[in-house]
Amino acid sequence: MSTTVQPPAIEVRGLEKSFGDHAVLSGIDLNVPAGTVFSLLGPNGAGKTTVVRILATLARPDGGVVRVGGHDPLADPDAVRELIGVTGQFSAVDEVLTGAENLHLMGRLLHLGRTETVRRASSLLEQFDLTEAARKPVKTYSGGMSRRLDIAMSLMGDPSIVFLDEPTTGLDPRSRRELWDVIRGLVAGGVTVLLTTQYLQEADQLADRIAVLDAGRIVAEGTAGELKRLVPGGHVRIGFADAHGLAAAARAVPQAEADADQLVLQVPSDGSVGEIRALLDRLDGHDLSIGELSIHTPDLDDVFFALTGTASEGTAQ
Ligand SMILES: Nc1ncnc2c1ncn2[C@@H]1O[C@H](COP(=O)(O)OP(=O)(O)OP(=O)(O)O)[C@@H](O)[C@H]1O
Ligand SMILES: [Mg+2]
């Protein structure tokens, strides 16, 4: 066995978890290389928090193999806890304390010693743009500031693997973008991030790889690009004023699909300027009045709905 190959930061095989007779995780496999961002994407109740809790030694799996930094959270929870930082779905900050006091409290819990606690706290306050607010009680913070503090707290122990459970839920778009920068900064510093989210755009922006979790199963896994390729469907939609125009256009573009009810022609396309110009050229000279034209490129939303929609239809029958 080669000793030069770095083991994955997180490795999960056949992970199962039930609460009573409710199977919440039904055989999950994950492999997160060190220094990467991996996103677990799924709707409410998919099992995201349950995965995070098991990896973070906070819940016991019923079956399967779990390794975090090479350690088994069940057999060696202390070794795992030394490596990880966890920002839970619900805030761990104390609203009555100031930002600095929250971080100092964390330093004491981690037995960092006074000097190291103060040093790390001020460096994190700086990194998370909270130096000015450091002496103010957290209850006066905005949602974004409080979320940044929450993440800063999980970094007091200088973890190499960080779990962020829905870090931007409830934040406005601007605060969400600020937090994305914070997460990118973590990764640039060599930290491995496992991020759960319900936002496709977030996974698309941040993650090297994405696993789509639905009802306790991974229904797809890959890079954002790979997942998008699972869903064909890039197309141009052209609306016509009347059925005559639609019929003429459909004859001119045989690969198109005509919707006679909506008077719309749907043409498979990558949406590039070149393809659209060629398409318009073909329609030109047919004396058509085009009402509107829209371009649809598949995004992660399409993937998500295609995959999780199928799954929920399956269980609804
Ligand atoms: N301690 C528990 N006891 C019983 N059921 C639980 C427990 N924890 C989670 N569940 C159930 O497990 C399922 C998955 O929950 P989980 O919190 O992991 O989902 P999630 O993907 O994090 O959802 P959300 O996006 O709402 O946070 C849900 O049906 C939930 O009700
Ligand atoms: Mg959750």
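Visitor: Why is H1 largely enclosed by the rest of the structure?
Guide: Helices here are DSSP runs of H or I with at least four residues, and strands are runs of E with at least two, numbered from the N terminus. Buried means under 20% relative accessible area, exposed over 50%, and partly exposed in between, with a 1.4 Å probe and protein chains only. The buried residues of H1 are Lys48, Thr50, Val51, Val52, Ile54 and Leu55. H1 is largely enclosed because buried residues make up six of its eight.

Visitor: What kind of model is this?
Guide: Residues are numbered from 1 along each chain as its sequence is written, chains are lettered from A and ligands numbered from 1 in the order written, and side-chain values use heavy atoms, without hydrogens and water. Local features need pLDDT of at least 70, side-chain atom pairs count only at pLDDT 80 or more, and totals for chains, interfaces and linings use all residues, since this is a predicted model.

Visitor: Which element gives the most to the shell around ligand 1?
Guide: With three residues, the one that gives the most is H1.

Visitor: How far is the polar side-chain atom of Lys48 from an oxygen atom of ligand 1?
Guide: Polar contacts to the ligand are pairs of N or O atoms within 3.5 Å. A polar backbone atom of Ala46 is 3.2 Å from a ligand oxygen. A polar side-chain atom of Asn44 lies 2.8 Å from one. For the side chain of Lys48, the distance is 2.8 Å.

Visitor: Which residue has its ring under the charged end of Arg176?
Guide: A charge sits over a ring if NZ of Lys or CZ of Arg is within 6 Å of the ring centre and within 35 degrees of the ring normal. The charged end of Arg176 is 3.9 Å from the centre of the ring. That ring belongs to Tyr199.

Visitor: Which residue takes a positive phi just after H1?
Guide: The place to look is just after H1. The phi there is about 70°, and the residue is Thr57.

Technical notes. Polar contact = N/O pair within 3.5 Å; in protein donor to acceptor, adjacent residues only side chain to side chain.
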